[in-house]
Each structure stands twice: as structure tokens, then as C-alpha cells.
Amino acid sequence: MTRWPERGNLVSDLSVICPYCNENAELVDSDLVYWKSFGMIWLCQPCQAWVGTDKNSAIHKPLGTLANEELREARKLAHTVFDPHWKALADHGYPRGKARTQAYRKLAKSLGIELKDCHIAKFDVRGCKDVVVVCNKWANIKQSEFEKYT
């Protein structure tokens with residue numbers, strides 16, 4: 001259990017282990033790594049690896065895996081090429097949540113993985129590179145063709 005009195009007695013029974021050093025990450029406010037607070041994050045100070053938390057989780061469940069600078073950059077690139085696909089579906093009438101789920105469903109199928117394992121926040125650098133390859137292929141398919149595969 002971790003307590004942060006200076007942060008308002010935040011408590012979490014969750015233990016998050018850094019994949020880089022195998023030490024416990026700390027639950028802290030994101031203002032420690034960003035220019036303002038976006039909520040709580042799990043942070044490994046020595047590795048400068050962090051991950052955001054589910055705002056609806058009482059135990060501050062991580063949204064993915066801790067990411068160092070290299071992995072954060074890979075995930076940003078993956079989102080840069082992936083997000084336009086689900087946003088295009090939303091622009092064509094799909095509710096945003098459904099559009100995003102449909103795009104992840106197609107991505108999972110393209111990557112040959114289960115939908116439950118298909119989220120950029122869970123991917124390593126290699127997985128993010130695979131997202132870029134797949135999404136670049138999708139970019140050459142007309143929107144109506146994309147919708148057939150969702």
C-alpha cells in the first residue's frame with residue numbers, strides 16, 4: 001500500500017512493477033512529468049517510465065504498461081497513424097466509442113491478436129511499429145472498404 005500525504009492521502013492496494021528495472025512504480029500526480037496535472041500516473045523515477053491511470057478506478061488501475069521515452073515516442077507515432085481511422089468512422093456517423101472499438105477490432109484482426117490484448121497502451125516498440133505498418137496499408141484503402149472490414 002502506498003500513501004502520499006502531501007497529495008491528499010491517496011491510497012492504492014495495487015502494485016505496479018517497472019518492466020525496465022523490476023522495482024515498484026509510485027502513484028503520483030502527473031504534474032511531476034507534465035506541465036500540468038492530468039490526473040494520477042504510475043511512475044518509476046529512476047527509469048523515467050510512466051503510465052496514466054483509469055480515472056474511474058478506485059485503485060488507480062494503469063491504462064497500459066509503463067513506458068520509457070523510446071516507448072512513449074513509439075506509442076505517439078502509433079496513435080498518429082491509428083487515430084485518424086477511428087475518427088473517420090466517427091465522422092461518418094459512428095458513435096465515437098463504437099468507432100474506436102471497431103477500429104481496434106480491425107487492428108486486432110490485422111495483427112492476429114485478441115481484441116482484449118489490442119491497445120496501443122499495451123504494446124511494446126515492436127508492436128507500435130506493427131501498428132504503423134498496418135495503418136499505412138489501411139491508408140491506401142477507401143473509407144467504404146475500411147468500413148467493410150469493421
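# A walk through the model

Start at Lys-116, which counts as exposed at 60% relative accessibility (buried means under 20% relative accessible area, exposed over 50%, partly exposed in between, with a 1.4 Å probe and protein chains only). The model is predicted, so local features need pLDDT of at least 70 and side-chain atom pairs pLDDT 80 or more, while totals for chains, interfaces and linings use all residues. Numbering starts from 1 along each chain as its sequence is written, and side-chain values use heavy atoms, without hydrogens or water.

Lys-116 has a charged partner. It forms a salt bridge with Asp-117 (a Lys or Arg side-chain nitrogen within 4 Å of an Asp or Glu carboxyl oxygen). The closest N and O atoms of Lys-116 and Asp-117 are 3.4 Å apart. Asp-117 is partly exposed, at 37% relative accessibility.

How many salt bridges does the structure hold? It holds three. In one of them, the side chains of Glu-73 and Lys-76 meet at 3.1 Å, N to O. Both residues lie in helix α1, three residues apart, or about one turn of the helix. Glu-73 is partly exposed, with a relative accessibility of 43%. Arg-126 and Asp-130 also form a salt bridge, at 2.8 Å from N to O. These two lie in helix α3, four residues apart, again about one turn. Arg-126 is partly exposed at 48%, and Asp-130 is partly exposed at 29%.

Now step back to the whole chain. It has four helices and five strands (DSSP runs numbered from the N terminus: H or I of at least four residues, E of at least two). Along the sequence the pattern reads β-β-β-β-β-α-α-α-α. Of the 150 residues, 38% are buried. Take the contacts (heavy atoms within 4.5 Å) between residues at least 6 apart in sequence: 41% of them join residues at least 24 apart.

What lies inside? In soluble globular proteins, nonpolar side chains tend to be buried together. Here the largest nonpolar core has 23 residues (buried Ala, Val, Leu, Ile, Met, Phe, Trp, Tyr and Cys joined through side-chain atoms within 4.5 Å). Phe-82, Leu-107, Ile-120, Phe-123, Cys-128 and Val-131 touch the most other members. The elements giving two or more residues to this core are α1, α2 and α3 (125-138). Helix α1 gives the most, with eight residues. A separate core has 10 residues, among them Ala-25, Met-40, Cys-44 and Val-51.

Look again at Cys-128. Beyond its neighbours within four places in sequence, Cys-128 is in contact with Leu-71, Ala-74, Arg-75, Ala-78, Ile-120 and Phe-123.

The whole structure has five aromatic pairs (Phe, Tyr and six-membered Trp rings with centres within 6.5 Å; planes under 30 degrees apart are stacked, over 60 edge-to-face, the rest tilted). Tyr-34 and Phe-38 pair edge-to-face, 5.6 Å centre to centre, with 90° between the planes. Tyr-34 is partly exposed, at 37% relative accessible area, and Phe-38 is partly exposed, at 42%.

Phe-82 and Tyr-104 form a tilted pair, because their planes stand at 45°, with centres 4.5 Å apart. Phe-82 belongs to helix α1 (residues 69-91) and Tyr-104 to helix α2 (residues 96-111), so this pair ties together parts 22 residues apart in sequence. Both Phe-82 and Tyr-104 are buried. Elsewhere, ring pairs link Tyr-34, Trp-35, Phe-38 and Trp-50 into a cluster.
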